[in-house]
Amino acid sequence: MKKIYLICSLAVLLGITAGISFFLVRDASAKVPANITLKEQNGEDYTFIKDDKLKLVEFIYTHCPDICPTTTQKMVQLKADLEKNNVFGKEIEFLTITIDPYRDTPEVLQNYMNAFKITNNDHWMFLTGDQETIKADQVKIREVAESLQFQYKDPGNGQFVHTSFTYLIDGNNQFIAKFPMGEDFNKQEVYEEIMDEIK
């Protein structure tokens with residue numbers, strides 16, 4: 001009986017270890033495709049090209065009642081800390097990508113920015129699709145999201161169900177780290193991770 005118990009315990013332990021290893025490897029190999037172009041809040045094109053800047057990527061939809069606006073507000077505070085150290089815009093940029101491009105047009109995203117007093121300084125881009133090619137661009141947005149393992153679904157009532165992480169990627173669009181959204185978004189933890197990567 002003890003032998004069976006030990007074997008079962010070992011099997012469970014190996015299964016847990018394998019599962020953890022799978023998710024760690026999956027995250028470490030995550031990378032945003034470099035050939036995807038979306039629309040910025042000012043109507044300009046944005047392409048995920050390779051450069052030398054870190055990017056903090058946030059997925060939102062503007063009709064979100066809680067976790068999305070809470071995360072954006074905490075990122076506003078984080079931006080202020082990074083500006084104090086003269087690294088925002090030089091070493092790191094923010095990307096906020098809507099998962100609801102049908103409703104979140106560039107104008108709507110601009111209004112969202114204004115509500116948070118986010119100035120349009122070319123270092124915090126709010127991305128959506130082009131209304132003329134919205135179906136194709138919706139596919140592009142999902143491709144970006146899924147490349148970072150961000151999952152979302154509209155159950156039909158316009159209130160999206162989605163995973164709750166923001167992502168730090170490098171200049172090659174490669175995954176570095178992920179952080180919880182909403183009230184669990186720890187501004188200091190994200191700040192320290194960014195500064196460690198810059199050093």
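Let's start with S147, which sits in helix α4. A helix here is a DSSP run of H or I with at least four residues, a strand is a run of E with at least two, and both are numbered from the N terminus. Is S147 buried or exposed? At 13% relative accessibility, S147 counts as buried. For that label, buried means under 20% relative accessible area, exposed means over 50%, and partly exposed is in between, using a 1.4 Å probe and protein chains only.

A polar atom of the S147 side chain lies 2.6 Å from the backbone oxygen of V144. Leaving aside neighbours within four places in sequence, S147 is in contact with A30, K31, V32 and P33. Contact means heavy atoms within 4.5 Å.

Before I go on, a word on where this comes from: it's a predicted model, so local features need pLDDT of at least 70 and side-chain atom pairs count only at pLDDT 80 or more, while totals for chains, interfaces and linings use all residues. Residues are numbered from 1 along each chain as its sequence is written, and side-chain values use heavy atoms, with hydrogens and water left out.

Okay, zooming out. The chain has 5 helices and 9 strands. From the N terminus on, the elements go α-β-β-β-α-β-α-β-α-β-β-β-β-α. Of the 199 residues, 43% count as buried. And if you take contacts between residues at least 6 apart in sequence, 69% of them join residues at least 24 apart.

Now the sheet. In general, strands of a sheet pair through backbone hydrogen bonds, either parallel or antiparallel. In what order do the 7 strands of the open sheet stand? The order is β2-β1-β5-β4-β3-β8-β9, and the pairing is mixed. Two strands pair if DSSP finds at least two bridges between them. At the edges stand β2 (45-47) and β9, each with a single partner strand, so one side of each has no neighbour in the sheet. From one strand to the next, the twist averages 35°.

Let's look at β5, residues 124-128. Why do we call β5 largely enclosed by the rest of the structure? Because 5 of its 5 residues are buried. Both faces are covered, with W124, F126 and T128 buried on one side and M125 and L127 buried on the other.

What pairs with β5? Strand β4 (residues 92-98) runs parallel to β5, joined by 4 bridges. In that pairing, T96 stands opposite F126, and L95 has M125 as its bridge partner.

β4 and β5 also belong, with helix α3 (residues 106-115), to a right-handed β-α-β unit. Right-handed means that, with the strands pointing away from the viewer, the path from the first strand over the helix to the second runs clockwise.

Helix α2 (residues 67-84) lies across β3, β4, β5 and β8 (165-169), at about 160° to β3. The axes are lines fitted to C-alpha atoms, for helices over the stretch in contact, and angles run from 0 to 180 degrees between N-to-C directions.

On to the rings. The structure holds 12 aromatic pairs. One of them is W124 with F126: their ring centres are 5.5 Å apart and their planes at 20°, so the pair is stacked. The rule is that rings of Phe, Tyr and Trp (its six-membered ring) pair if their centres lie within 6.5 Å; planes under 30 degrees apart are stacked, over 60 edge-to-face, and the rest tilted. W124 is buried at 0% relative accessible area, and F126 is buried at 0% as well. Elsewhere, ring pairs link F59, Y61, F150, Y152, F160 and Y167 into a cluster.

I60, in strand β3 (residues 54-60), is buried at 1%. I60 and H162 are 102 residues apart in sequence but 9.1 Å apart in space, C-alpha to C-alpha. F179 lies in strand β9 (residues 175-180) and counts as buried at 2% relative accessibility. Not counting residues up to four places away in sequence, F179 touches several residues, including L56, F165 and V190.

Methods: A polar contact is a pair of N or O atoms within 3.5 Å; within protein, one must be able to donate a hydrogen and the other to accept it, and residues adjacent in sequence count only if both atoms are side-chain atoms.
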